[in-house]
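Let's take a friendly walk through a protein model, one piece at a time. Have the picture ready and follow along as we go.

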Amino acid sequence: MAILRKSFLAALFCLGVAVPVYAQGGGDRAAADITAAQNTLKALKQLGAEIKARQQGAPTTTGAAPVASLYQIEIDYSQTPELKDWVEKQLRPALEAWYPRIIAEFPSEGYTPPKRFTVTLEANGNGVAATGGTRVTANAKWIKQELAKGPQNEAVGALIHEEVHVVQQYGHVRGGQRDPGWLTEGIADYVRWWQFEPASARTVVRPIKRDGTPASYTDSYRTTAAFLEFVAKHHDPEIVVKLNAAGRNSTYSPDLWKRYTGKTIDELWTEFAVTLTK
Ligand SMILES: [Zn+2]
């Protein structure tokens with residue numbers, strides 16, 4: 001049973017903006033809590049399936065969405081009250097619908113998802129958005145620029161990416177191996193671009209980048225996300241779930257790719273790279 005330190009310094013690199021943050025780990029847990037955690041996960045998985053079914057218009061057994069009573073997502077737009085409509089009509093419904101769904105998608109032993117997290121829209125923020133533990137901040141100026149582009153904008157999707165970070169909660173187990181930053185960001189973008197956003201919104205990964213160097217799985221964000229999708233589709237549908245669990249338990253190692261797929265990460269990348277259009 002992994003013992004997480006109660007607090008630790010972690011650096012999450014969000015949308016190209018490096019922000020050092022304090023993240024709260026899961027806290028010390030007794031082995032007896034495992035069964036309780038497993039039961040919670042079972043219930044969450046069921047809830048995730050129900051929500052998915054409801055979104056597809058299927059009748060469900062539990063009736064109205066219990067999300068609000070299970071989780072609390074506090075969105076503070078007091079610095080920019082002009083964003084109220086966007087928050088209440090677009091951001092909040094998306095974050096509430098997807099939080100239990102992301103939790104259900106990524107179970108791991110001993111994991112209890114945060115019951116509450118905050119999103120603060122900062123009038124004088126920088127960059128795009130960042131997450132530290134259960135605190136998400138977003139740059140309201142950037143959000144307004146996005147909203148000015150019309151319905152095809154990145155504002156809600158960027159916050160879905162941050163919501164994945166809240167679910168990830170990659171701690172650092174003493175003596176363990178910290179998850180590489182490109183993978184943390186790749187998993188967040190995998191959920192965002194391959195599950196949340198419509199396929200038409202995805203950008204194409206090019207084998208050669210603008211600076212003339214070849215693309216790599218360490219490019220993070222959308223490139224890593226597309227690579228994860230490829231490996232999940234062709235080799236192991238559970239690969240992202242397993243890598244996320246390794247991130248939480250500080251058990252990541254490059255060998256995991258070979259263990260799960262029979263191929264090294266470089267072999268997998270070569271296979272993926274030939275599918276990219278020049
Ligand atoms: Zn990020």
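Start with a meeting of two helices: Leu183, Thr184, Ile187 and Tyr190 in H6 touch Val240, Leu243, Asn244 and Gly247 in H8. Sorted by class, this contact of H6 with H8 holds five nonpolar and three polar residues, and no charged ones. Keep in mind that you are looking at a predicted model.

How do the two helices lie against each other? Helix H6 covers residues 181-196 and helix H8 covers residues 239-249; they pack at an angle of about 135°, and their axes are 11 Å apart. Because of that angle, H6 is oblique to H8. Angles over 145 degrees would count as roughly antiparallel. The crossing in which H6 passes H8 is left-handed.

Now turn to the sheet. Four strands build an open sheet, and their order across it is E3-E4-E6-E5, with mixed pairing. Which strands stand at the edges? They are E3 (72-76) and E5 (129-132); each has a single partner strand, so one side of each is left without a neighbour in the sheet. From one strand to the next, the twist averages 15°.

Let's look at strand E6 and its two partners. E6 takes in residues 135-139 and runs antiparallel to E5, with four bridges joining the two. You can find some of the facing residues yourself: Ala130 has Thr137 in E6 as its bridge partner, and Thr131 stands opposite Val136 in E6. E5 and E6 also form a hairpin, with two residues between them. In the turn, look for Gly133, which has a positive phi of about 65°.

With E4, the pairing of E6 is in the parallel sense, over five bridges. Here Thr118 has Arg135 in E6 as its bridge partner.

Is E6 largely enclosed or left open by the rest of the structure? Four of its five residues are buried, so E6 is largely enclosed. For this count, a residue is buried if 20 or more other C-beta atoms lie within 10 Å of its own.

Definitions and conventions:
Residues are numbered from 1 along each chain as its sequence is written. This is a predicted model: local features need pLDDT of at least 70, side-chain atom pairs count only at pLDDT 80 or more; totals for chains, interfaces and linings use all residues. Axes are lines fitted to C-alpha atoms, for helices over the stretch in contact, and angles run from 0 to 180 degrees between N-to-C directions. Angles under 35 degrees count as roughly parallel, over 145 as roughly antiparallel, 65 to 115 as roughly perpendicular and the rest as oblique. A crossing is left-handed if the near helix is turned anticlockwise from the far one by less than a right angle, and right-handed if clockwise. Two residues are in contact if their C-beta atoms, placed from the backbone, lie within 7 Å. Ala, Val, Leu, Ile, Met, Phe, Trp, Tyr, Cys and Pro count as nonpolar, Asp, Glu, Lys and Arg as charged, and the others, Gly among them, as polar. Two strands pair if DSSP finds at least two bridges between them. A residue is buried if 20 or more other C-beta atoms lie within 10 Å of its own, exposed if 12 or fewer, and partly exposed in between; C-beta atoms are placed from the backbone.
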